[in-house]
Structures are given as structure tokens and as C-alpha cells.
Amino acid sequence: MISDEAKKRWLAKACGISPKINHYEMHPLTIGKVNQSSKSFFGWEYIADSKLEEGPSIAFEKSNEIILDFGEHIVGYFNFDIELIGTSAGGPLRLKFIFGEIPSEIAEPFDPYTGSLSRAWLQDEIITLEHIPQKVTLKRRYAFQYVKIIVEAISFDYQIKFKNIKCDCVTSADPHIEKYLLKTLPTDLQIYDEVSLRTLKNTMFETFEDGPKRDKRLWLGDFALLAGTNYLTFNNIDLVKKCLYLFASQIKDDGRMPACVYTKPAVHTGTEYIVDFAIKFGYFLLEYFEAANDLETVNDLWDAAFRQAEIILDNIDGDGQFINKNDWWIFVDWCPELNKDCALQAIIIFNLKKLIKLGELLNKDNELEILNTAVKKISAYSINKYYDKELGLFISGSERQISWASQIWMTAAEVFDANQSKIILNNLFYTAETVKPVTPFIYHYTLEVLFKCEMKDKALELLQEYWGGMISKGANTFWEVYDSSNPKFSPYGNYLINSYCHSWSSTPAYFFRKYFN
Ligand code: RAM
């Protein structure tokens, strides 16, 4: 069990690390309009009408609206000066703002709202100003490239002028991503690197966040991916350490590590417990140790990681099968058709093996015995139950589903040697009917196993197809989900609520540094 005393100590350690928030200013580059377009992936495109030197100085009347483009995805506090044209304002001014990561958010009405997550994530705001002139800063931290400003109400006796429209951008990364770009990359891949770094920078704040537009919180599963990219780029070790301590400090009384943590108004957790996220904690510690060489921290947090394994092992039956109790969430991917049984077994094996490596480092002999025995049992059962020798592939569920997730996780878990893993991966890519992933999360692990199995050409092909696909569709930060055959796919019932800058998609920068040098 994890003691309250340990959790308190971990929380104090987490709170003792305050990442420095860097500020920089961005101005809108152009003023323009958003038009429907069959050429655009999401159906809308921004067309610039004119360049702006310092923000527009335009006379506004009721119902006037403008759309501004800041040139790239940014995160921060939107502010401007409002000036009076006329002698006095005989009534207040009401303004509406709509912020968009993609042009669709500016163009399509948010209501009636059909999504499953809170409508309030969508970035619109109405403010009323009783005195003009004044300087205005919107309170909320917005994630956007485009902003639409609409004059909702104004009295007959004056007009207004905007001046100094800008965004006070914030990040705990170094804002100068150009310093980190890998100049040795072929030119066509340099853009991937830049988009990756911008994605990661825009999701680094007081903790790592999944997306700066929506969720804005620290998610456990996403963590390995963004931390991995961070180690090889901005290398903000303190921020990673803070997050590790935050997760450990929030472990529930039954030992479960929550799937996400918030820091405002005070540190607390979401309600979710995700099996395939919690089991990863030991893996995060191992990677943290490899990057930071900080044995003290990983030793301090070992119990938190081992407890996650114990919870899983309590739910493994005598044969080696994980028993799904359904009082938790098994994530794996957002693909709706995916049968997760086989992938979950593999994820458990993968992470237990990482925990074993960590245990060896820390000389945890007793725990190692338990873990080694479990890995043998679960692996033998999984191969027996899920591997179809004739197909040379893993199948999952009563429909014998062949998914990328099953093959990727089983090969990542190294249940077979590298040669056989390579054969399985080749079989997968030559099989016509497979269930493909929809998130960069699984594409990441796909690339990782391809590189590990020395299938670099295939890895590069997928990188260009998937992350390159987003770039060719206008992305300058990578998205939460991308399904090239279904532009409006959303796990939440409305594609406008998807996040278009999502840290788990920032890993091309990691691959370039790890496998391209
Ligand atoms: C969503 C976010 C997050 C992911 C969870 C499972 O809310 O995309 O990144 O970790 O789902």
C-alpha cells in the first residue's frame, strides 16, 4: 500500500518545482475571410485579404466583423486597445470573439452543439465594455491561429478602432524553436521537425498538457510520448519530474493511479482510471532515469510504479489472462471498432518488462521474482490464445479481428524475437482487411517497432503518410486524431471539439533524433 505520508511528501516535491513560464508576443499577420472549399480537408479555408503591420485600425459598426490570422498556432492571452471614433460613447460596446485552431471553428456555428464533451471548451467569448478607450486582455488562455471579432452591440453615436492587437504567448519550453531544429535532416523532413517542436512547445505550460485548447491537463498515457520528445529537444527535466511526482501524489486509497491530474485551483484528479495508462508508470520512470540519470527520484517513486503492476497482477487469472472487470477504462486507441483484448495483454507484458529493467537497476530482488514469473505466464498464454500460426498474425476477439494495435503491441512487447516480429509486421502491411489506428498515439508505437525491427523505409513511409498527411492538409501543429478517410471523425461527436495541437503527436522530432543520426 502507498502511505498517506508518502503521498504528502510526493505532493510537496511536485509543488516545489515551479516551471518558468516564458512569454513572447505575436501579432496578426493578415486580415481575411474564411470560405467554403472542396480542396480543403475540413471544407473551409482562410483567404488573406491584406497584410497587417501592427493590427488593424478599422472603424467598426454594429454587425461588422473581422477575421485575423496570426500565421501559426499560438497559445496565450489575447489583448488589444480599443479606441473611440467620435466624441463620446453613449452606450456600452459588446464584442464577441471566436478563436480557432483551424478555419472551421471560425466558420461553422458552434450551436446547436452535438458533442459529448463540454460545449464550453469551444473558444468563444462575449465581453461588454462600458468605457472607451481602454486596454483589454481576455482572461482565458486561448489556443488558436485565427480569431474572429464581431461587434454585437454599439450605440449610434460612435464607432471604434482596434489598436495593438496581439497575443501574450506563454510556454514553459524555450519559445525559440528554431534553435532546436535538426538542420541535418533532408529539407522535406525539416518541416515535420518544426511542426513537432511547435506542437510540443504549445502544450508545455505549468505541466505538460494534452492539448492547450481542450482538456488542458496532464494525461498519464500521453506522457511517455511527449516526455520522450522533450528529452531530445527542449530537455525540460524539471517539468517531467514535477509531473511524475504529481501522478504519484494522487494515487487513490486502493493504489490506483488516476489517468489525469489537474493543478488548478489546487492539485486534484479526474475520475478516470485507465488500466493501460497506469501500468506505464514504471516505464516512464525508466525513461526518465535514462534521460536524467536521477536514481534518487526513480528509487523514491518505485513503490508507486510497483503498486500499479500489483493491481494488474491481481486481475490476471491462473492461466495468464487479464480479467476485465469493467470498473475501469481500457483506452489503447480511439478507433471505435477496435477489439482491445490482445493489445491489452501485450501492453501489460511490455510494461512489466520495463518495470523489470527498472527493478534490476534498483536491486528490487523480491519484486523481480514476482514480475518475472508473471511475464512468463502472461506471454505464454497470450501467444497460445492470440497468435494464429497460419496467418502469422495476432487475432483478437470472437470475430478474430486483425488490428494494427494487436500486432504493434505484441511486437513491442517482444513476445517473439526480432526476426519473427519483422515477419508479423510485414504480414500486417500485406493484409488488406485490418483495423487501423486513428490517433498519432498508436502510430507512434507503430513507428517505434518498425525502427526497432530495422524497417526504416516502412517507418519513413508511414511517417510521411500520416504526419505528412496532416501537414499537406494545412497543419502547423499536429492533431489529436487524424483519419485521412474521414475528416470529421471525432471521438467526441463533433470535430470542432477535437484538439488540433496535441502533445502525443509531437514525436516525429523524437524519431529524427533517435533513429536518423
Ligand atoms: C483524450 C485526450 C487525451 C487522452 C485521453 C485518453 O481526452 O485526447 O490525450 O489521453 O483522451
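This is a predicted model: local features need pLDDT of at least 70, side-chain atom pairs count only at pLDDT 80 or more; totals for chains, interfaces and linings use all residues.
Let's begin with the overall layout. The protein chain splits into domain 1, residues 24-170, and domain 2, residues 177-516. Their C-alpha centres sit 37 Å apart. Where the two meet, 31 residues of domain 1 are in contact with 31 residues of domain 2.

So what's inside? The largest nonpolar core has 157 residues, and the members that touch the most others are Phe208, Phe223, Phe281 and Leu352. Which helix gives the largest share of this core? That's helix 9, residues 341-361, with 12 residues. And because domain 1 and domain 2 both give residues to this core, it lies between them.

Leaving out residues up to four places away in sequence, Phe281 touches Leu220, Leu244, Phe247, Ala248, Met257, Leu301, Ala304 and Ala305. There's also another core, apart from that one, with 33 residues, including Phe80, Phe99, Leu138 and Tyr158.

Next up, helix 11, residues 404-412. Is it enclosed or exposed? Well, 9 of its 9 residues are buried, so helix 11 is largely enclosed by the rest of the structure. Among those buried residues are Trp404, Gln407, Trp409 and Met410.

Now two individual residues, starting with Lys213. You'll find Lys213 in the loop between helix 3 (187-202) and strand 10 (218-219). Buried or exposed? Lys213 has a relative accessible area of 1%, so it counts as buried. What does the side chain of this lysine pair with, then? The side chain of Lys213 makes a polar contact with the side chain of Glu105, at 2.9 Å. A polar atom of the Lys213 side chain also lies 2.8 Å from the backbone oxygen of Asn498. Setting aside neighbours within four places in sequence, the contacts of Lys213 include Glu101, Trp121, Gln123, Ala143, Leu496, Ile497 and Tyr500. Oh, and Phe144 is 69 residues away from Lys213 along the chain, yet their C-alpha atoms are separated by 7.9 Å.

The other one is Thr269, in strand 12, residues 268-269. Thr269 is buried too, with a relative accessible area of 16%. Its side chain makes a polar contact with the side chain of Lys252, at 2.7 Å. Not counting residues up to four places away, Thr269 touches Lys252 along with Gln250, Pro258, Cys260, Val261 and Tyr262.

Last stop, the ligand. How many residues surround it? There are 13, and the closest are Asp215, Asp222, Glu480, Tyr492 and His502. Going through some side chains: an oxygen atom of the ligand is 2.4 Å from an N or O atom of Asp222. For Glu480, a ligand oxygen atom is 2.5 Å from a side-chain N or O atom, and for Tyr492 the corresponding distance is 3.5 Å. As for cover, the ligand on its own has 290 Å² of accessible area, and the protein covers 97% of that.

That's the tour, thanks.

Technical notes:
Residues are numbered from 1 along each chain as its sequence is written. Side-chain values use heavy atoms; hydrogens and water are left out. A nonpolar core is a set of buried Ala, Val, Leu, Ile, Met, Phe, Trp, Tyr and Cys residues joined through side-chain atoms within 4.5 Å. Buried means under 20% relative accessible area, exposed over 50%, partly exposed in between (1.4 Å probe, protein chains only). Helices (H or I, at least four residues) and strands (E, at least two) are DSSP runs, numbered from the N terminus. Domain bounds come from an automatic or database domain assignment. Contact means heavy atoms within 4.5 Å. A residue is near a molecule or strand if one of its heavy atoms lies within 4 Å of it. A polar contact is a pair of N or O atoms within 3.5 Å; within protein, one must be able to donate a hydrogen and the other to accept it, and residues adjacent in sequence count only if both atoms are side-chain atoms. Accessible areas come from the Shrake-Rupley method with a 1.4 Å probe; for residues, only the protein chains shown count as cover.
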